[in-house]
Amino acid sequence: MNRFPQSSRREFLKLSGVTACSALALNLGLNQSAEVHAAEQKPRLLDCHLHINHYDRSIADTIQHMDATGTEKAFILPLETGEGGVLLRSETVLHAYHQHPDRIIPFCQTDIRQPDCIERLRAYHKLGCRGIGEQKEHLPLNDRRVEAVIAFCDEVNWPITIHFQDGKNGYNQGLAEHLETYLKRYKKVRIIGHAQTWWANISADVPPAEKSLYPKGPVKAGGLLDRLLSEYPNLYADMSAGSGFGALSRDEGFTAGFIERHPNQLLFGSDCPCRDGQGENFKGKCYSTQLQKFVNRIVSDSKNRENIFYNNAIHALNGA
Ligand SMILES: [Zn+2]
Ligand SMILES: [Zn+2]
């Protein structure tokens, strides 16, 4: 607080022999330590799962969501076939990236059932896209066209975000049977697991998809995710959406240990469609704000928090 009006402050500095230069240095020092302090309190945040067009959100609305939630950068994931309810073209993501190159990390996605799919992905690679996602089409995980895009990511050193949802009308069905085959075969690609069936496998006890895609209650230790994350460092877990939050909050004691076992493979993400960081247009809640609070409460190690909020996503993006 400045206790002197400007003129008398100058007078005071002159009288007390403090030069303008050292006064400036003093001010800078104070500002810097204030910034460092603020940075300590609020780690950098990268949202690994965000869409435009979600509940008709515009590019400006999406940036507003990032501002409101303290999000520095985000992987923006297109969904070109719109099979999951959101239709977002890779071109729109690239357009948004050119408007906000310091905020948006553009991913691409295109209909993998089309014969020109790999050619289109090569074009998106040249145009500056950094990964594939969200891969969400009605195809089983062991379909050769799914394998072709994983192999392409392996070739160009990209990550791929996959929506795993077993059952009729699901996407990439067969995680338990087929994911490990790809992890063994492709060592460069980073596979980022997302959605209901991915997170149901946090527990050794997974109900059939027809019965529940959002199992609740205590987690049974020894789940598939624990084993795969331990054995394959190129596998990452996307914590976004109701599926991520539901699985992580169903048994907090288990989750604390799960995070401690895989602190470098968990990625903060929201998949939030709201505009204001408060869920005004979406169930009255914001997935980003909700998960930030949860991680801050449950992860006691500040280094682990920084990794989950930012650094792990950068590793998943760039590879080893
Ligand atoms: Zn999504
Ligand atoms: Zn939100």
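These are my notebook entries on a predicted model of one protein.

**Overview**

The protein has 320 residues, and 41% of them count as buried. I find 13 helices and eight strands. Then I looked at contacts with a separation of 6 or more: 73% of these join residues 24 or more positions apart.

**The core**

Next I looked up the largest nonpolar core, which has 73 residues. Which residues have the most contacts inside it? They are Ile76, Ile160, Leu267 and Phe268.

Leaving out residues up to four places away in sequence, I see Ile160 touching Gly131, Ile132, Gly133 and Gln135, among others. Its list also includes Val149, Ile150 and Cys153, and then Val189, Ile191 and Ile192.

I then went through the pairing. β5 and β6 run parallel, with five bridges between them. In one of these, His163 has His194 of β6 as its bridge partner. β6 is also joined to strand β7 (residues 235-238) by three bridges, and this pair is parallel as well. Here Ile191 stands opposite Leu235 of β7.

**A three-stranded sheet**

I also noted an open sheet of three strands, in the order β1-β2-β3, with parallel pairing. β1 (46-50) and β3 (104-106) are the edge strands; each has a single partner strand, so one side of each has no neighbour in the sheet. From one strand to the next, the twist averages 25°.

A reminder to myself: most residues other than glycine have a negative phi, and most peptide bonds are trans. I went looking for exceptions.

- Gly133 and Glu134 are joined by a cis peptide bond, with omega about 0°. Glu134 sits in strand β4, residues 132-135. Gly133 had already come up as a contact of Ile160.
- Asn157 is not a glycine, yet its phi is positive, about 65°. I located Asn157 in the loop between α6 (144-156) and β5 (159-163). Asn157 has 14 other C-beta atoms within 10 Å, so I put it down as partly exposed.
- Lys283 also has a positive phi without being a glycine, at about 50°. Its loop lies between β8 (266-267) and α12 (287-298). Is Lys283 buried or exposed? It counts as exposed, because it has 11 C-beta neighbours inside 10 Å.

**Asp251**

My last entry is on Asp251, in the loop between α10 (241-249) and α11 (252-261). It has 19 C-beta neighbours inside 10 Å and counts as partly exposed, because a buried residue needs 20 or more. Which residues does Asp251 contact, leaving aside those within four places in sequence? I find Pro218 and Val219. Val219 is 32 residues away from Asp251 in sequence, while their C-alpha atoms are 6.1 Å apart in space.

Definitions and conventions. Residues are numbered from 1 along each chain as its sequence is written. Chains are lettered from A and ligands numbered from 1 in the order in which they are written. This is a predicted model: local features need pLDDT of at least 70, side-chain atom pairs count only at pLDDT 80 or more; totals for chains, interfaces and linings use all residues. A nonpolar core is a set of buried Ala, Val, Leu, Ile, Met, Phe, Trp, Tyr and Cys residues joined through C-beta atoms within 7 Å. A residue is buried if 20 or more other C-beta atoms lie within 10 Å of its own, exposed if 12 or fewer, and partly exposed in between; C-beta atoms are placed from the backbone. Two residues are in contact if their C-beta atoms, placed from the backbone, lie within 7 Å. Helices (H or I, at least four residues) and strands (E, at least two) are DSSP runs, numbered from the N terminus. Two strands pair if DSSP finds at least two bridges between them. Axes are lines fitted to C-alpha atoms, for helices over the stretch in contact, and angles run from 0 to 180 degrees between N-to-C directions.
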